[in-house]
Amino acid sequence: MAILDRTRTHEPTASTQPKRTARVQQVSGLGLVLAAVATVVWSGSFVTSRALAETVPPVQHAFWRWIIALIAVAPFAAREAWRQRDVLRRHLKYVLVASFLGVTTYNTLVNQAGISTSAGNMAMIMAASPVLMALYERLGGTRLGARRTLGMLIACAGVLLLVSKGSLAMDFTTGDLWMLAAALSFGSYSALLRRKPAGIGGLAFLFTTFALGALMLAPFYGASLALEGGFEVTTGTVGPLLYVGVASSAVAFFAWNKAIALVGAARAGAVYYLQPVCVAGLSFVILGESVGVLQLACMALILGGVILGSSRAH
């Protein structure tokens, strides 16, 4: 009887199920909020990247972005990274690949693309990233489900209509090819985050990838200085660099990495489709650009697709 009583004690009860469901919903909601925070902040970084396209060479822009980001996270993350140095050393190959894709490569390619392509084409091509994230998860054995797949397709259609102004005309340039490589890099980085070793903390991972990514960029930074010269230090260059270094790197990458850990790359990627909507809103508020009927209709498509694509399968 004692054994039976102990067995009954550990059996799930009707009262524990709602608590477990509520906990899952809280975690899921937090993950989606963090993904939205990263997306909004990155939307602002597209504006600042465009602002620096003619004044700061792409590699120098990327290098100082990550140096600033490293300085910003060091007070909170350096000690944790030192404590976890043995774990980081054991998984050095993984950390190096993540650093190369998410830090060294991605934003450098975005900066390079901004020189010779339009912001509209950049946004349209970046829409490939969430699709790639979902494909990676599917190849990894995760079932996306019909609702999530439909939401992803609806959001993607809304993005394409928005950035092409309803014509779906694609006039690709060299910059578009750079942007395609950037989308591939970001999608691969996001999918890789799902496999982050459990022993590596979020702040330690962030600090280490920033440091290794900047280190891998250093030779290219030196070459850029030798071939192109430095840039003029003014409020017009330092301000945007501080934004992309602190907000778009330290804050947004932490939020994005945590979001992927909580809800996965596919669901976080669905929220990433909100970026064109955020850019349109920022353009309206900051630049005074008008928003027409087509833009509103496309935003409705994107928001509807995000709601479907980010919903939890039951």
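The dialogue below takes up aromatic pairs, charges over rings, a salt bridge, a surface patch and contacts between parts of the chain.

Q: What describes a pair of aromatic rings?
A: The distance of the centres and the angle of the planes describe such a pair. The model here is predicted. In it, the count comes to 13 aromatic pairs. One of them joins Trp-42 and Phe-186, with ring centres 5.4 Å apart and planes at 90°. Planes over 60 degrees apart count as edge-to-face, so that is the class of the Trp-42 and Phe-186 pair.

Q: Which parts does the pair of Trp-42 and Phe-186 tie together?
A: Trp-42 belongs to helix α2 (residues 16-52), and Phe-186 belongs to helix α9 (residues 174-193). The pair therefore links parts that are 144 residues apart in sequence.

Q: Are Trp-42 and Phe-186 buried or exposed?
A: Both are buried. For Phe-186 the relative accessible area is 1%, and buried means under 20%.

Q: How is the pair of Phe-186 and Trp-256 arranged?
A: Phe-186 and Trp-256 form a tilted pair, 5.6 Å centre to centre with 35° between the planes. Phe-186 is in helix α9 and Trp-256 in helix α11 (residues 235-263), so this pair ties together parts 70 residues apart in sequence. Trp-256 has a relative accessibility of 0% and therefore counts as buried.

Q: Which residues form one aromatic cluster?
A: The cluster consists of Trp-42, Trp-66, Tyr-106, Phe-186, Tyr-189, Phe-210, Phe-253 and Trp-256.

Q: Which charged residues lie over the face of a ring?
A: A charge over a ring is read from its distance to the ring centre and its angle to the ring normal. Arg-65 lies over the face of Trp-66, 5.0 Å from the ring centre. Arg-85 lies over the face of Trp-82, at 4.1 Å from the ring centre.

Q: How many salt bridges does the count come to?
A: The count comes to one salt bridge. It is formed by the side chains of Asp-86 and Arg-89, at 2.9 Å from N to O. These residues are three apart in helix α4 (residues 85-90), so about one helical turn separates them. Asp-86 is partly exposed, at 42% relative accessibility, whereas Arg-89 is exposed, at 52%.

Q: Which residues make the nonpolar surface patch?
A: Val-33, Val-37, Val-246 and Val-251 make a patch of about 290 Å². Helices α2 and α11 each supply at least two residues of it. Val-37 is in helix α2 and counts as partly exposed, at 36% relative accessibility.

Q: Where is Leu-262, and which residues does Leu-262 touch?
A: Leu-262 is in helix α11. Leaving out residues up to four places away in sequence, Leu-262 touches Val-27, Leu-30, Gly-31, Leu-34 and Arg-194. The C-alpha atoms of Leu-262 and Ala-35 are separated by 10.0 Å, although these residues are 227 residues apart along the chain. At 26% relative accessibility, Leu-262 counts as partly exposed.

Q: How far apart in space are Gly-281 and Ser-43?
A: From C-alpha to C-alpha they are 9.8 Å apart, while in sequence 238 residues separate them. Gly-281 is in helix α13 (residues 275-287), and at 33% relative accessibility Gly-281 is partly exposed.

Key. Residues are numbered from 1 along each chain as its sequence is written. This is a predicted model: local features need pLDDT of at least 70, side-chain atom pairs count only at pLDDT 80 or more; totals for chains, interfaces and linings use all residues. Side-chain values use heavy atoms; hydrogens and water are left out. Rings of Phe, Tyr and Trp (its six-membered ring) pair if their centres lie within 6.5 Å; planes under 30 degrees apart count as stacked, over 60 as edge-to-face and the rest as tilted. Helices (H or I, at least four residues) and strands (E, at least two) are DSSP runs, numbered from the N terminus. Buried means under 20% relative accessible area, exposed over 50%, partly exposed in between (1.4 Å probe, protein chains only). A charge sits over a ring if NZ of Lys or CZ of Arg is within 6 Å of the ring centre and within 35 degrees of the ring normal. Patches are made of residues with over 30% relative accessible area and no salt bridge: like charges are joined within 9 Å, nonpolar side chains (Val, Leu, Ile, Met, Phe, Trp, Tyr) within 5 Å. Accessible areas come from the Shrake-Rupley method with a 1.4 Å probe; for residues, only the protein chains shown count as cover. A salt bridge is a side-chain nitrogen of Lys or Arg within 4 Å of a carboxyl oxygen of Asp or Glu. Contact means heavy atoms within 4.5 Å.
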